[in-house]
Amino acid sequence: MPRILITTGDAAEDLEVLYPYQRLLEEGYEVDIAAPTVKQLQFVVHDFVASFDTYTEKLGHSWPADVALANVNPSDYAAVVIPGGRAPEFLRLDPDFQRIIKSFFAQNKPIAHICHAVIALTPLGVLKGRRTAAWPACRPDVQLAGGTFVDAEAVVDGNMVSARAWNDQPAWMRAFVELLREKAPVKS
C-alpha cells in the first residue's frame with residue numbers, strides 16, 4: 001500500500017495532524033509521522049476567545065513521531081502532508097525538512113498543506129507562480145514567495161492541495177484524497 005508522510009513537530013496544530021492522519025489511514029494508506037527527532041510530540045489547539053484580537057493556544061494531544069526527518073527517504077512515500085500550528089516556524093529551518101519537501105515538489109508528488117504550514121514552504125522557492133490557501137495572516141508570506149493567496153477552504157494547484165485552517169479540513173481532505181486516488185491509489 002502507498003505510504004504517506006506527515007512532517008511535523010512540537011506545537012503543531014492538533015487537529016491538523018490527527019485529522020489527516022486518521023483520514024488517510026481510513027482510506028487504506030500507511031502513514032508515518034516525521035519530526036526532527038523520534039519522540040513524543042506535544043501538539044497544541046488554537047481557538048478563539050471573544051475578547052481576543054487573535055487566536056489563543058492551549059495544550060493538545062501528544063503523539064509519537066515514527067521517524068526522524070534525517071532518516072526520511074522521500075522516494076519511500078507517495079505523498080506528504082504538512083500541518084500548521086507553530087511547528088512550521090522551526091521546520092522551515094531544518095535542512096532535512098527542506099530536502100524532503102523540495103524532493104516532493106521536484107517529483108510532482110501530491111502535497112497537502114494547511115494554515116501556517118505555508119511559512120515552511122515560502123523559503124524553499126516552491127510557491128512561485130502557484131495558487132495557495134493559508135491562514136489569512138500568511139497572505140504576505142505567500143505573496144513575498146511569488147505565490148497567489150486564495151481565501152478558500154480547499155485550493156488545488158496541480159499536485160498541491162491547501163486550506164486555510166482546521167475548519168476547512170473536510171473539503172481539504174476530500175480534494176487531497178481525490179488527488180491521491182488518481183496519483184497513488186490504494187490497491188485492494
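These legends describe close-up views of a predicted model. Local features need pLDDT of at least 70 and side-chain atom pairs pLDDT 80 or more, while totals for chains, interfaces and linings use all residues. Residues are numbered from 1 along each chain as its sequence is written, and side-chain values use heavy atoms, leaving out hydrogens and water.

View 1. Tyr-77 sits in the loop between strand 5 (67–68) and strand 6 (79–82); strands are DSSP runs of E, at least two residues, and helices are runs of H or I, at least four. Tyr-77 is buried, because its relative accessibility is 4% (buried is under 20%, exposed over 50%, partly exposed in between; 1.4 Å probe, protein chains only). Beyond its neighbours within four places in sequence, Tyr-77 has contacts that include Ile-4, Leu-5 and Phe-104 (heavy atoms within 4.5 Å).

**View 2. Polar partners of Tyr-77.** The Tyr-77 side chain makes a polar contact of 2.6 Å with that of Asp-32.

**View 3. Tyr-21 and Trp-63.** The structure holds 4 aromatic pairs (Phe, Tyr or Trp six-membered ring centres within 6.5 Å; planes under 30 degrees apart are stacked, over 60 edge-to-face, the rest tilted). Tyr-21 and Trp-63 are edge-to-face, because their planes meet at 70 degrees, with centres 5.5 Å apart. Tyr-21 belongs to helix 1 (residues 14–27) and Trp-63 to strand 4 (residues 56–64), 42 residues apart.

Key
Polar contact = N/O pair within 3.5 Å; in protein donor to acceptor, adjacent residues only side chain to side chain.
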